[in-house]
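Please look at the sequence and the structure before reading the points below.

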Amino acid sequence: MPVFDYDPPERFVAGTVGEPGSRTFFLQARGDGRLTSVALEKTQVAALAERVGELLDEIVRRSGGQAPVPAAPTTASRDTAPLDVPIEEEFRVGTMSLAWDGEREVVVIECFEVDEAESEQDLPEPDPSRGVLRVSLDGTAARAFAARALALVAAGRPPCPFCAGPLDPGGHVCPRANGYRR
């Protein structure tokens, strides 16, 4: 099983390639002269970023503010650079896991390769023959990752004010307007 382990990475970010409406989303980790890019869906990026933020908030709450996790991303930790090139997809992400390692005080993110033969209904334990991207982030890096990923998801096409569906540059057929273009 190919395991791409970054503990800790020099850089771990979410990014896209393409124009809004036809973007491909990637998670990219860099460290020790290696670069790993895995593709995933926009909803997976959004869910991962939200869960990382919720996990960090819960750690801060339970520790009474004494945990080594910032309450908000710091300006110095923000990464606005594009994805590193070349972007070569190692695999497409199916399932993900998220954990807090209290001994080391790091967030551990695991992304498992999808098996196209499985349906979403039978999600067994991840198959050991599939690829895994494992990244361990300290609180500051995890907070910065979540902030960038949420901004990336929000930077897509603007929503229709009537149906909340994405608006294309050429307009869109709104179901709330009985299919007429506005």
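Gly-31 has Arg-34, a residue of β4, as its bridge partner. The model discussed here is predicted. In it, strand β4 spans residues 34-40 and pairs with β3 as well as with β5.

**The β3-β4 hairpin**
- Strand β3 covers residues 24-31 and runs antiparallel to β4, with seven bridges joining the two.
- The two strands form a hairpin, and two residues lie between them.
- Asp-32 sits in the turn and has a positive phi of about 55°.

**The β4-β5 pairing**
- β4 also pairs with strand β5, residues 89-101, this time in the parallel sense and over two bridges.
- Ala-39 has its bridge partner in β5, namely Arg-92.

**Cover of β4**
- Is strand β4 mostly covered or mostly uncovered?
- Strand β4 is mostly covered, with five of its seven residues buried.
- In general, side chains in a regular strand alternate between the two faces of the sheet.

**The chain as a whole**
- The protein chain contains seven strands and two helices.
- Read from the N terminus, the order of its elements is β-β-β-β-α-β-β-β-α.
- The chain has 182 residues, and 37% of them count as buried.
- Among contacts with a separation of 6 or more, 60% come from residues 24 or more positions apart.
- The accessible surface of the chain is about 10500 Å², and carbon and sulfur atoms account for 51% of that surface.

Methods
Residues are numbered from 1 along each chain as its sequence is written. This is a predicted model: local features need pLDDT of at least 70, side-chain atom pairs count only at pLDDT 80 or more; totals for chains, interfaces and linings use all residues. Side-chain values use heavy atoms; hydrogens and water are left out. Helices (H or I, at least four residues) and strands (E, at least two) are DSSP runs, numbered from the N terminus. Buried means under 20% relative accessible area, exposed over 50%, partly exposed in between (1.4 Å probe, protein chains only). Contact means heavy atoms within 4.5 Å. Accessible areas come from the Shrake-Rupley method with a 1.4 Å probe; for residues, only the protein chains shown count as cover. Two strands pair if DSSP finds at least two bridges between them.
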